[in-house]
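Please keep the sequence and the model in view while going through the numbered points.

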Amino acid sequence: MKTKIGLLYGGKSAEHEVSMQTAMAVLKALDLEKFEIHPLYISKDGQWNKGPQLTGPVTNLKELEFSNKEALPPTALAPAMFHSAKEEKSSFDVIFPLLHGPNGEDGTVQGLLELLNLPYVGNGVLSSSAGMDKVIMKNIFAQAGLPQVKYVWFIRSEWEKENEAAYQKVESELGYPCFVKPANLGSSVGISKCTNKAELETAFAEAFKFDRKIIIEEGVVAREIEAGVLGNDHPECSVAGEIVPKKDFYDYKAKYQDGETALIIPAEITESEYNELKEMAIRAFKALDCSGLVRADFFLTREGKWYINEVNTMPGFTPFSMFPLLWKHTGVEYPQLIERLVNLAIERHTEKQNIKYTME
């Protein structure tokens, strides 16, 4: 019997297009002899649309942009979308969310799926939410004893009230260069590198376009090394990979538009350096109570010191993205990786069904 997958993609965030690319790639890799695929498309304005079951290959992104006659918000559409009209049992065996950024990767959709009691691929509500908010994530990492570069953060109202005080805090505690980022976005959207106050002021305004909270991190001279983590209670770590941007830093255009980035897999690091990276990646995974997958990003300085930068709870997932490439070089091909994630989702859901929420 085929496994019925609801493939959830699109979304309202600035990473809508990245999600579409990911969905296209996953669809091409799924074995239609093993899986029954039902596309679930969220438009840029937040409307949820259910497409027809896919019976063949999809050739372009436009084929994935469905528009139902009466598209509804998820709260109204969820029962019709996820459940059979005549049965209490779910229409799907598992939901595969391929959503990046807010309203998808931040625990909101995960919460909806939890309420519907549906198995879903990837991280749960807590780890998704904490992993999306860079400030909360870094606070948890600090509690776990993971080394990080120095950072400060602000909410928009603080900055609007006392912007000079904000700039002075950055200059006194971090100095230049520094990086200004929205706290709750991925794919390097809204990130700026600053080397002076004028650039800092511009960067604050730019980052606040995308979030009410921003984080500013100390700039370090270091290599950017990443690793993939896969599993539930007993996670495994992939080989390491290195990002070598031809630009000043790894921004959105370098990732998705220009191709101005080299990915070196496996990264040229020593065995002891890899073992330290592996231990930190798995510790970060457990600190956030992750499940399914994360990509863990690190800095390695010339002196051989590691800093964890962040984890991504739903990393880019095309065959040419870092996470799948890391696992390919570890011995797990792209279709196998997708199947493992589906199995991990079902495993986690099955375990949850044994939890008692009421006293007998």
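Predicted model: local features only at pLDDT ≥ 70, side-chain atom pairs only at ≥ 80, totals over all residues.

How far is the sulfur of C194 from the closest cysteine sulfur?

Residues are numbered from 1 along each chain as its sequence is written, and side-chain values use heavy atoms, with hydrogens and water left out.

1. Cysteines. The sulfur of C194 lies 4.6 Å from the closest cysteine sulfur, which belongs to C178, and this is too far for a bond. A disulfide is defined as a pair of cysteine sulfur atoms within 2.5 Å. A search of the whole structure finds 0 disulfides. C178 is accordingly in no disulfide. C178 is buried, with a relative accessible area of 0%, and C194 is buried with a value of 0%. Here buried means under 20% relative accessible area, exposed means over 50%, and partly exposed lies in between, with a 1.4 Å probe and protein chains only.

2. Strand β2. Helices (H or I, at least four residues) and strands (E, at least two) are DSSP runs, numbered from the N terminus.

3. Neighbours of β2. Two strands pair if DSSP finds at least two bridges between them. Strand β1 (residues 3–10) runs parallel to β2 and is joined to it by 8 bridges. Within this pairing, I5 has I37 of β2 as its bridge partner. Between β1 and β2 the chain passes through helix α1 (residues 16–29), and this β-α-β crossover is right-handed. Right-handed means that, with the strands pointing away from the viewer, the path from the first strand over the helix to the second runs clockwise. Strand β3 (residues 48–50) pairs with β2 in the antiparallel sense over 3 bridges, and W48 of β3 is the bridge partner of I42. The hairpin of β2 and β3 has 5 residues between the strands, and G46 in this hairpin takes a positive phi near 90°.

4. Backbone exceptions. Most residues other than glycine have a negative phi, and most peptide bonds are trans. N117 is not a glycine, yet its phi is positive, at about 60°. N117 is placed in the loop between α3 and α4 (125–132), and at 43% relative accessibility it counts as partly exposed. D289 is likewise not a glycine and has a positive phi of about 55°. D289 is placed in the loop between α10 and β12 (292–301); with a relative accessible area of 55%, D289 is exposed. A cis peptide bond joins Y176 and P177, with omega about -5°, and P177 is in the loop between α7 (163–173) and β6 (178–182). A cis peptide bond also joins I265 and P266, with omega about 0°, and P266 is in the loop between β11 (261–264) and α10 (271–287).

5. Helix α3. This helix spans residues 108–115, and its buried residues include V109, Q110, G111, L112 and L113. N117, discussed above, follows α3.

6. A cavity is a set of points on a 1 Å grid over the protein atoms alone where a 1.4 Å probe fits but cannot get out, and lining residues have an atom within 4 Å of a point. The largest cavity has a volume of about 70 Å³; a volume is the space filled by probe spheres set on the points, which are joined across faces, edges and corners. Among the residues that line the largest cavity are P97, L99, E105, Q110, T313 and M314.

7. A contact across the sequence. E242 is found in strand β10 (residues 236–245), and at 10% relative accessibility it counts as buried. The C-alpha atoms of E242 and M322 are separated by 9.2 Å, although the two residues are 80 residues apart along the chain.

Conventions:
1 Å grid on protein atoms, 1.4 Å probe; cavity = no way out; pocket = protein on both sides within 12 Å on 5 of 7 lines; lining within 4 Å.
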